[in-house]
Amino acid sequence: MPINSTTIKSKSFRLFTLLFLLLAAFGVLVADSLTKQRDASGTITLELCKKGAGGQWEVVDRVKSPVNFTASIAEITSGKEITSNFNWRGASEKGRIAQGRMLGAGKVKFDVLRGVLELELPMEATLDGKKIPLNVKLTTESISSPTGQISGKKAELNGKTPTGGIVGFNVIKARDLANEPIAAVGQKNPGKKEGGRTTGVVGGSAGLTEDLIVVMRGEGRVVAR
């Protein structure tokens with residue numbers, strides 16, 4: 001049977017229509033998942049990085065721990081607002097106790113067609129009891145950081161369960177950790193205070209102004225209650 005241009009156009013139209021309907025269904029399911037109270041579970045990894053002697057960024061400590069929390073997203077005049085009881089705790093490879101929690105409502109953007117999720121969250125990180133406020137920006141895209149390229153994982157829909165992987169980073173100063181029981185970044189022995197000056201931090205007292213990078217990775221799924 002000869003194939004003419006009319007047949008090709010008809011098949012292309014049907015294929016386009018099917019694709020459009022699938023994307024629309026995907027959007028409805030994801031929107032349904034995001035606008036209702038949902039349970040989220042997954043794994044969070046934090047890497048504390050500093051510059052080595054050669055100027056290259058090195059991972060000096062790492063925390064990887066499972067997390068479970070509930071979240072909901074509401075429509076706001078200028079966009080969408082996410083609220084959550086997110087509260088996370090884990091032990092690092094060098095014995096530090098790290099925690100994280102949301103301080104209030106955050107912002108979320110989701111591009112259904114591209115499977116791109118972006119989050120901006122007011123957070124409070126705690127390292128061995130020292131609280132550090134952070135404005136965390138996370139995405140499913142690949143982004144450039146001072147430590148190199150960080151790759152997320154696009155949001156996908158498995159049945160009615162959205163899954164994906166988000167990444168981000170924050171820059172903090174070594175002085176943010178200077179009063180810790182574990183004051184020396186990358187070491188487990190606490191620094192000592194002498195004459196109002198903290199010793200034992202990276203580079204001595206001069207190292208207090210040194211930038212440290214916290215690389216964040218999260219992967220998981222969202223399910224109905």
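**The nonpolar cores**

The largest nonpolar core has 29 residues, and Ile82, Phe86, Trp88, Leu119, Leu121 and Leu138 have the most contacts inside it. A nonpolar core here is a set of buried Ala, Val, Leu, Ile, Met, Phe, Trp, Tyr and Cys residues joined through side-chain atoms within 4.5 Å. Buried means under 20% relative accessible area, with a 1.4 Å probe and protein chains only. Strands that each supply at least two residues of this core include strand 1 (38–51), strand 2 (57–76) and strand 15 (211–224). Apart from this core lies another, of five residues, among them Cys49, Ile150, Val167 and Val215.

This is a predicted model: local features need pLDDT of at least 70, side-chain atom pairs count only at pLDDT 80 or more, and totals for chains, interfaces and linings use all residues. Residues are numbered from 1 along each chain as its sequence is written, and side-chain values use heavy atoms, without hydrogens and water.

Overall, the protein has one helix and 15 strands, taken as DSSP runs (H or I, at least four residues; E, at least two) and numbered from the N terminus. Of its 225 residues, 37% are buried.

Now back to Phe86. Phe86 counts as buried, because its relative accessibility is 13%. Which residue does the ring of Phe86 pair with? The partner is Phe69: the ring centres are 5.2 Å apart and the planes stand at 80°, so the pair is edge-to-face. The rule asks for centres within 6.5 Å, and planes over 60 degrees apart count as edge-to-face. Phe69 is in strand 2, and Phe86 is in the loop between strand 3 (79–84) and strand 4 (87–91), 17 residues apart.

Key. Buried < 20%, exposed > 50% of the residue type's maximum accessible area, 1.4 Å probe, protein only. Phe/Tyr/Trp six-rings, centres within 6.5 Å; stacked < 30°, edge-to-face > 60°.
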